[in-house]
Amino acid sequence: MTSPEARGEVRAVYGGFGVGFGSLLGWAALHASGDLQRGIVLAAAVALGGMALGRLVARAVERPSAFYPAWFHFCIEVLGAGLLVASVPG
């Protein structure tokens with residue numbers, strides 16, 4: 001990850017995506033209701049679940065040995081997805 005393009009990609013995916021989704025969830029909590037709010041919360045849960053699934057695939061292919069960062073983030077993603085699903089209004 002020594003090129004400006006690679007660093008930009010990491011910032012976009014790990015920074016921008018999280019900030020964008022967090023902002024959307026905050027907006028949904030304050031301003032959205034009904035089906036729109038449920039859709040936003042479920043979309044965020046699916047995104048986190050997809051990231052966790054990707055980490056499981058990486059585990060099978062790459063076999064990381066340390067808990068951090070792969071398994072640490074996996075746990076956070078699964079917990080976050082579960083909490084979002086549990087909090088779906090309605």
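Me: What do buried, exposed and partly exposed stand for here?
Reply: Buried means under 20% relative accessible area, exposed over 50%, and partly exposed in between, with a 1.4 Å probe and protein chains only. Phe17, at 38% relative accessibility, therefore counts as partly exposed. The model is predicted, so local features need pLDDT of at least 70 and side-chain atom pairs count only at pLDDT 80 or more, while totals for chains, interfaces and linings use all residues. Residues are numbered from 1 along each chain as its sequence is written, and side-chain values use heavy atoms, with hydrogens and water left out.

Me: How is a pair of aromatic rings described?
Reply: A pair of aromatic rings is described by the distance of the centres and the angle of the planes. Rings of Phe, Tyr and Trp (its six-membered ring) pair if their centres lie within 6.5 Å; planes under 30 degrees apart count as stacked, over 60 as edge-to-face and the rest as tilted. The structure holds 4 aromatic pairs. One of them is Phe17 with Phe21, edge-to-face at 5.1 Å centre to centre and 65° between the planes. Tyr68 and Phe72 form a tilted pair, with 5.4 Å centre to centre and 50° between the planes.

Me: Where do Tyr68 and Phe72 lie?
Reply: Helices (H or I, at least four residues) and strands (E, at least two) are DSSP runs, numbered from the N terminus. Tyr68 and Phe72 both lie in helix H3, 4 residues apart, about one turn of the helix. Phe17 and Phe21 have that spacing of 4 residues in helix H1. Tyr68 is exposed at 55% relative accessibility, and Phe72 is partly exposed at 33%. Ring pairs also link Phe67 with Tyr68 and Phe72 into a cluster.

Me: What span does helix H2 reach?
Reply: The expected span of a helix is 1.5 Å times one less than its number of residues. Helix H2 (residues 34-62) has 29 residues and reaches 42 Å from its first C-alpha to its last, close to the expected 42 Å. Just after H2, Arg63 takes a positive phi of about 55°.

Me: Which residues of H2 are buried, and what covers them?
Reply: Gln37, Ile40, Val41, Ala44, Ala45 and Ala52 are buried. Their cover includes helix H1 (4-31) and helix H3 (67-86).

Me: Which residues does Leu25 touch?
Reply: Contact means heavy atoms within 4.5 Å. Leu25, found in helix H1, touches Ile40, Val41, Ala44 and Leu84, not counting residues up to four places away in sequence. Leu25 is partly exposed, with a relative accessible area of 24%.
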